[in-house]
Every structure is written in structure tokens, then in C-alpha cells.
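This briefing sets out selected features of the structure shown below.

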Amino acid sequence: MTRQIHPLLIAGTVLVFMFLVGPLIIVLGAALSDTTYLTFPPQGLSLRWFENIFQIDAFRRTILTSLQIALLSTTIALIIGIPAAYALNRYRIQLPGWLSTLFVLPVLVPELVLGFSLLKNLAVQFNSPIYIALLFGHALLVLPYVVRVIGASLASFDFSIEEAAISLGSPPLKTFFTILLPNVRSGVIAAFILAFITSVNDVSISIFLTGPGLSTLPIQLLAHMEQFFDPTVASVSVLLMILTVAVMAIVERTLGLTFLAK
Amino acid sequence: MKRFAGWTLASPATVLVVVFLVLPVLATIVTTFTTPDGPFATYAAFFASSFRRTVLFRTIQISLVTTVIALVVGFLTAYVVSRAPGWLKSILIIAAVFPLLTGVVVRSFAWLIILGKNGILNSTLLNLGLIGEPLTMLYTQGAVIVAMVYLFVPLMILTLVGVLESIPDDLIQASASLGAKPIATFMQVTLPLAVPGLIVGAVLVFTGSFTSYATPQLLGGEQVMMMGTLMYQQAMVTFDWVAASTIAAVMVVITIAIVLLMTRVARRLNPMVT
């Protein structure tokens with residue numbers, strides 16, 4: 001792999017990566033500023049805007065709601081997505097082809113349309129609590145990740161090991177927990193955190209399914225930005241970036257980040 | 001028996017998708033055809049309004065421009081990344097994944113700080129004496145496009161690195177040993193083999209831009225309304241749910257049409273498939 005790459009192409013690549021990382025560094029700088037307005041480079045360094053997040057009731061509340069929704073929706077998606085991914089791999093021939101397309105639908109249908117439809121036809125029409133609509137909206141949003149990532153780990157699983165266990169008298173559920181699950185563990189972890197972070201960051205579904213009394217962090221951020229233009233938003237953004245770093249560290253340890261380029 | 005087991009395991013997920021996605025979305029689309037004024041009245045109203053037509057064409061235009069820029073930038077970058085030595089490649093992939101996992105709101109907000117009236121770009125230009133007074137950069141089509149490109153370039157890079165890496169090195173060496181110059185090899189071997197990846201990337205970027213909400217809302221405002229922001233406004237500000245449903249239906253149809261069309265084109269253009 002020692003072919004020449006044109007120096008202009010390398011220079012261009014350097015610029016692209018500066019373009020990708022630069023704006024996030026600017027947000028970090030703005031969050032650390034001790035001025036009451038947004039500025040970069042920061043005039044003086046302080047962590048006061050981080051303290052401010054936890055003093056604003058709306059942020060405290062929405063951070064908790066976001067974490068709760070992300071945790072619950074990801075758990076729902078895993079509980080129903082793992083059997084589905086298993087069925088699609090194990091019984092491929094017995095199941096119709098459109099079934100796997102069905103599980104990609106949440107990617108195909110615009111999120112805004114899904115959010116609006118859940119509001120209109122679930123929350124309003126059937127008077128279901130908005131929380132339920134938000135929760136299941138998020139579960140649907142992350143389901144394709146679960147089915148795809150776990151499906152990918154199952155693709156390299158040798159099902160004859162499982163059959164051997166069953167033929168030796170292991171009950172199906174025990175086989176699942178002692179044979180199958182340990183083999184796809186890294187897939188499950190990766191699916192969990194990708195789904196979790198997708199849910200935490202979602203705007204397009206949540207924008208229709210939140211309102212007074214129930215809101216998620218990104219929606220609260222949007223609302224805050226419309227009224228104030230202070231570094232609080234920058235510091236919340238930095239918190240979200242810290243979450244991203246944590247997630248990347250876990251993905252790196254379980255699967256390796258290059259997995260994401262596949 | 002096996003069929004039964006497969007269905008049993010797949011049924012909870014199937015039920016979830018049908019109950020919480022297929023039925024609600026279908027119901028939304030159906031209501032657009034069952035208005036008192038006849039089946040296509042809402043669509044006639046949509047296309048009769050010059051404002052809504054403008055929004056539709058603007059959305060298509062912004063999404064197309066974003067897609068083309070992201071394709072060019074993403075492809076050239078992915079080419080360099082895929083040829084980088086191992087350690088550097090890992091660092092570059094991390095640098096592309098990090099923005100991707102950082103939410104849309106945070107990434108759009110970054111451009112709000114940069115492009116604002118008192119933003120970094122304006123204050124830098126003022127300090128350098130290049131401009132006399134701050135430029136209006138926010139709430140323009142340009143601001144939305146820059147932020148959208150920023151949003152989607154990492155996705156394009158990651159999609160294409162995988163594709164470019166899977167191109168057998170032998171082919172490129174063969175081309176070179178037959179006397180092709182690097183540019184000719186690139187144009188005649190690498191580029192055609194990357195077509196399926198380019199199409200997947202283009203579909204992701206186009207549909208993503210076409211249905212976006214947060215970025216046009218923050219950086220475009222009322223001035224650069226797009227389909228997503230218009231739909232939200234119709235639904236939650238003016239409470240015209242029929243109009244919002246119509247926009248939703250138009251978005252679904254265009255998104256699915258693009259995906260189907262491009263998958264077909266990809267199949268036809270892919271030289272590896274005969």
C-alpha cells in the first residue's frame with residue numbers, strides 16, 4: 001500500500017478533518033467561557049455554565065427523561081429485536097423475504113412523519129399517554145440498529161453448536177442464555193450503546209411527542225436556544241460530547257471502532 | 001414446525017412495527033384522501049400554493065446541493081483514509097465517528113456560534129479588516145447547506161471507506177502495470193467500483209436532508225423553510241393537521257421513490273454484478 005497519493009488530496013483531507021472537528025472544539029471553548037454571552041476563544045475560563053445546567057429545573061428534568069426513555073426504549077428494542085434477528089438468521093428459508101424489509105422500515109419512513117403519525121393516531125385518536133407514544137417511537141427508531149448489529153454477529157455464529165446443546169438435552173431457554181447470548185455478547189453491547197445514543201440525540205420523533213410537562217434534552221435545548229443565547233447550551237452540548245466519548249470507548253473495547261465503517 | 005418457531009420469535013417485533021409504525025403512518029396518509037372536498041383536494045391545495053411549492057423545490061434543491069458536495073468531499077476524503085496506514089486510519093475514522101455520534105442539535109448549534117452576527121467568522125473577518133460590518137450569514141440557504149454538509153460528510157466517509165477498502169488491490173496494480181496513469185486508474189477502475197457505495201451514500205444524505213428538521217429550524221429559520229420545518233409549523237403552530245398530513249405523505253412518497261430508484265440504478269451500474 002505504498003501508492004502515491006497526490007499532495008493536494010492529502011491537503012484537502014486535512015482541511016476536511018479540521019472542518020469536522022473544529023466546530024466541536026469551538027463549542028467546547030464556548031462552554032468554558034466565563035462571559036454571559038457566547039464567545040470564542042473564551043475570555044476567561046470557568047465551569048459556571050456547567051453548574052448552571054443543574055440549577056435550571058428544565059434541564060435537570062429533561063436529562064433524566066432522556067436517559068430514562070433511552071434506557072427503556074433500548075431495552076424494549078433488545079427484548080423484541082434479539083429474537084427477531086435470531087429468527088431472520090436461523091429460519092431464513094422459512095420466513096418470507098418482506099419480513100426483513102419490515103424491520104428496516106423505521107429507517108425508510110421519515111422520522112418526522114413517524115412522530116407526527118404517533119401523535120395524531122395514538123396520542124390524540126386513542127388518548128394514549130404521550131409518554132407511551134414517545135417511548136415506543138424511540139423503540140422503533142432504534143429497532144433497526146438492534147436487528148442489524150445483532151444480525152451481523154449472528155451471521156458468523158455456528159448454529160450447529162446450539163443444536164448440539166439441544167440434542168444433549170439443554171432446554172431452549174437455557175441454550176439461549178448459555179450458548180447463544182455469550183457468543184453474540186459484543187454485538188448486543190454495541191447495539192445497546194448505538195441505540196442508546198441514537199435515542200438520547202433524537203429530535204425528529206420527539207419534537208412531536210413532547211410538550212409542557214414532558215420533554216427530552218435535545219428538545220429542551222432547542223427551546224432554550226430560541227429564548228436565550230448563553231453558554232448553557234454549549235455546556236450541555238459538551239456533556240453530550242462526553243457521553244459520546246464514553247460510548248466510543250465502549251464500542252472500541254467491544255468491537256473496535258472500524259466496525260462502524262463496515 | 002420451524003416456520004412456526006421463526007414466526008413466534010419474530011412476531012413481537014413485527015407487531016411493534018405494524019402497530020406503532022405501519023398503521024399510524026398509513027392512517028395519516030389515508031386521511032389526506034378522505035377530506036370532504038374529494039380525494040385529491042389537499043394535494044391540489046398543496047401544489048396550488050406558491051409558498052408550499054417554493055418550500056418543496058427549495059428542499060429538493062438544498063438536499064441535492066448537499067448531496068453533491070457531500071459526495072465529492074466524502075469520496076475524496078474516504079479515498080485518502082482508505083489508503084492511510086493502519087494507525088492513522090483508526091484516528092481518522094474516530095475523528096469521523098465522533099461528530100456522527102454527537103447529536104444533530106449540538107452540531108447545528110456549533111454553526112450557530114460560527115455563523116452568527118457576532119459569531120466567530122464575523123468577528124474574525126472584522127478583526128482582519130476584511131469586512132466593515134458583520135455579514136448576515138445565518139438564516140440563509142448557504143448556512144443551511146454548510147451545516148447539512150457538516151452533518152452528512154462523516155456518514156459519507158464511513159460508508160465509502162468500507163466500499164473503497166473492499167476494492168481488490170490487485171485490480172489497481174494490474175491497471176498500473178498495464179500502463180494506466182494514476183488518474184486513469186482512479187477514473188476507470190476505482191470510481192466505477194465505488195458506484196454502489198456512492199449511491200448508498202447519496203440516498204442516505206438526500207433523504208436525510210430532505211426530511212431534516214433541527215438544522216433548517218436553527219440555521220434557516222422562517223426564511224429558509226424546508227419540508228420538515230413547514231410540516232412542523234402546519235401541525236403544531238397553525239394546527240392544520242390535514243396540510244401537515246399531506247406534507248408527510250409527500251415526504252414519504254419522495255423518500256421511498258428515491259430509495260427504490262437508486263437501488264435499481266445501483267444494481268444496473270454495479271460492474272461486479274452481472
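**Interface and overall picture**

Chain B and chain A bury about 7200 Å² between them, and carbon and sulfur atoms give 84% of that area; buried area is the accessible area (1.4 Å probe) that two parts lose on being put together, summed over both. The model is predicted, so local features need pLDDT of at least 70 and side-chain atom pairs count only at pLDDT 80 or more, while totals for chains, interfaces and linings use all residues. Residues are numbered from 1 along each chain as its sequence is written, chains are lettered from A and ligands numbered from 1 in the order in which they are written, and side-chain values use heavy atoms, leaving out hydrogens and water.

- The contact involves 80 residues of chain B and 76 residues of chain A, where contact means heavy atoms within 4.5 Å.
- The rule finds 10 residue pairs in polar contact across this interface, both at pLDDT 80 or more; a polar contact is a pair of N or O atoms within 3.5 Å, and within protein one must be able to donate a hydrogen and the other to accept it, with residues adjacent in sequence counting only if both atoms are side-chain atoms.
- Helix H1 (residues 2-31) of chain B supplies the largest share of the side that touches chain A, 21 residues.

**Architecture of chain B**

- Chain B has 12 helices and zero strands; helices (H or I, at least four residues) and strands (E, at least two) are DSSP runs, numbered from the N terminus.
- The C-alpha atoms of chain B fill a box of roughly 75 × 70 × 35 Å along the principal axes.
- Of the 274 residues in chain B, 52% are buried, where buried means under 20% relative accessible area, exposed over 50%, and partly exposed in between (1.4 Å probe, protein chains only).

**Salt bridges in chain A**

- The structure holds five salt bridges over all chains.
- Arg90(A) forms a salt bridge with Glu162(A), with the closest N and O atoms 3.3 Å apart.
- Because Arg90(A) lies in helix H3 and Glu162(A) in helix H8 (residues 159-167) of chain A, this pair ties together parts that are 72 residues apart in sequence.
- Arg90(A) is buried at a relative accessible area of 19%, and Glu162(A) is buried at 5%.
- A salt bridge also joins the side chains of Arg90(A) and Glu163(A) (2.9 Å, N to O); Glu163(A) is partly exposed at 40% relative accessibility.
- Asp57(A), Arg60(A) and Arg61(A) are joined into one network by salt bridges that share partners.
- Within helix H3, Asp57(A) and Arg60(A) lie three residues apart, about one turn of the helix, and their closest N and O atoms are 2.6 Å apart.

**Buried polar residues in chain A**

- Ser206(A), in the loop between helix H10 (185-201) and helix H11 (217-227), is buried with a relative accessible area of 0%.
- The side chain of Ser206(A) makes a polar contact with that of Asp202(A) (2.7 Å).
- Thr62(A) lies in helix H3 (residues 57-90) and is buried at 3% relative accessibility.
- A polar atom of the Thr62(A) side chain lies 2.9 Å from the backbone oxygen of Ala58(A).

Terms used: A salt bridge is a side-chain nitrogen of Lys or Arg within 4 Å of a carboxyl oxygen of Asp or Glu.
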